[in-house]
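Here are my notes on this model, in numbered points. Please keep the structure open beside you as you read.

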Amino acid sequence: MDENGVWRSGARSTIAGLLEHRLETNPDGAYIDVCGRAFTARDVDLRSRRIAAALVELGIVKGDRIASLAPNSPEAFLFWWGAVTAGAVAVPINAPPTTT
């Protein structure tokens with residue numbers, strides 16, 4: 001970690017590495033807020049692993065691309081993280097709310 005608190009090398013320079021670091025240091029502290037809903041590192045890890053396992057069971061393999069059409073939401077975030085955990089390339093397609 002540099003003087004600004006930013007990871008510069010190794011596994012901790014990835015999103016997964018940052019989660020792993022938080023799991024080691026403070027798994028039950030606030031980790032991320034998505035659309036006003038707070039998650040701990042443990043929450044993100046457990047939920048994304050469940051989603052990843054379900055995707056693998058459906059036949060998703062490393063490198064597969066998965067598009068998801070969803071508005072910004074905690075569920076969309078966790079799906080993205082689960083897809084990446086499964087080794088897939090997540091392709092989120094944002095569905096903004098309509099006014100009609």
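1. Burial overall. This is a predicted model. The chain has 100 residues, and 27% of them count as buried.

2. The order of elements. Three helices and four strands make up the chain. Read from the N terminus, they run α-β-β-α-β-α-β. Trace that order on the structure before you go on.

3. Helix 1 and its buried face. Which residues of helix 1 are buried? They are G17, L19 and H21. The buried residues of helix 1 pack against three elements: strand 1 (30-34), helix 2 and helix 3.

4. Helix 2 against helix 3. The axes of these two helices come within 7 Å. They cross at roughly 60 degrees. The crossing of helix 2 and helix 3 is right-handed. On the helix 2 side, the residues that meet helix 3 are V44, R47, S48, I51, A52 and L55. On the helix 3 side, they are F77, L78, F79, W81, G82, A83 and T85. By class, this contact of helix 2 with helix 3 has nine nonpolar, three polar and one charged residues.

5. The largest pocket. How much space lies in the largest pocket? The volume is about 230 Å³. The lining of this pocket has 14 residues, and A16, L19, D45, W81 and T85 are the closest to its centre. Helix 1 (15-25), helix 2 (41-57) and helix 3 (74-85) each supply at least two residues of the lining. Helix 1 gives the largest share, with six residues. The lining of the largest pocket divides into eight nonpolar, three polar and three charged residues.

6. D45 belongs to helix 2. Is D45 buried or exposed? D45 counts as buried because its relative accessibility is 15%, and the cut-off for buried is under 20%. Apart from neighbours within four places in sequence, D45 is in contact with L19 and L23. D45 and W81 are 36 residues apart along the chain, and their C-alpha atoms are separated by 8.8 Å. D45, W81 and L19 are among the residues closest to the centre of the largest pocket.

7. The second largest pocket. About 150 Å³ of space lies here. Its lining includes V34, S68, A70, P71, N72 and S73. A76, F77, W80, P92, I93 and N94 also line the second largest pocket. Strand 3 (65-70), helix 3 and strand 4 (89-94) each give two or more residues to this lining. By class, the lining of the second largest pocket has eight nonpolar, four polar and no charged residues.

8. S73, in a loop. Where is S73? Look in the loop between strand 3 and helix 3. S73 counts as buried because its relative accessibility is 17%. Leaving aside neighbours within four places in sequence, S73 is in contact with V34 and C35. Both S73 and V34 line the second largest pocket.

9. C35 sits in the loop between strand 1 and strand 2 (37-40). Most residues other than glycine have a negative phi. C35 is not a glycine, yet its phi is positive, at about 55 degrees. Is C35 buried or exposed? C35 counts as exposed because its relative accessibility is 53%, and the cut-off for exposed is over 50%. C35 is also one of the contacts of S73.

10. P27, in another loop. P27 lies between helix 1 and strand 1. P27 counts as buried because its relative accessible area is 18%. Which residues does P27 touch, not counting residues up to four places away in sequence? They are R22, T40, A41 and R42. P27 and D43 are 16 residues apart along the chain, and their C-alpha atoms are separated by 8.5 Å.

Note on methods
Residues numbered from 1 in each chain as written. Predicted model: local features only at pLDDT ≥ 70, side-chain atom pairs only at ≥ 80, totals over all residues. Heavy atoms only, no water. 1 Å grid on protein atoms, 1.4 Å probe; cavity = no way out; pocket = protein on both sides within 12 Å on 5 of 7 lines; lining within 4 Å. Points joined across faces, edges and corners; volume = space filled by probe spheres on them. Nonpolar A, V, L, I, M, F, W, Y, C, P; charged D, E, K, R; others polar. Axes fitted to C-alpha atoms, helices over the stretch in contact; angles between N-to-C directions. Left-handed = near helix turned anticlockwise from the far one by under 90°. Contact = heavy atoms within 4.5 Å. Buried < 20%, exposed > 50% of the residue type's maximum accessible area, 1.4 Å probe, protein only.
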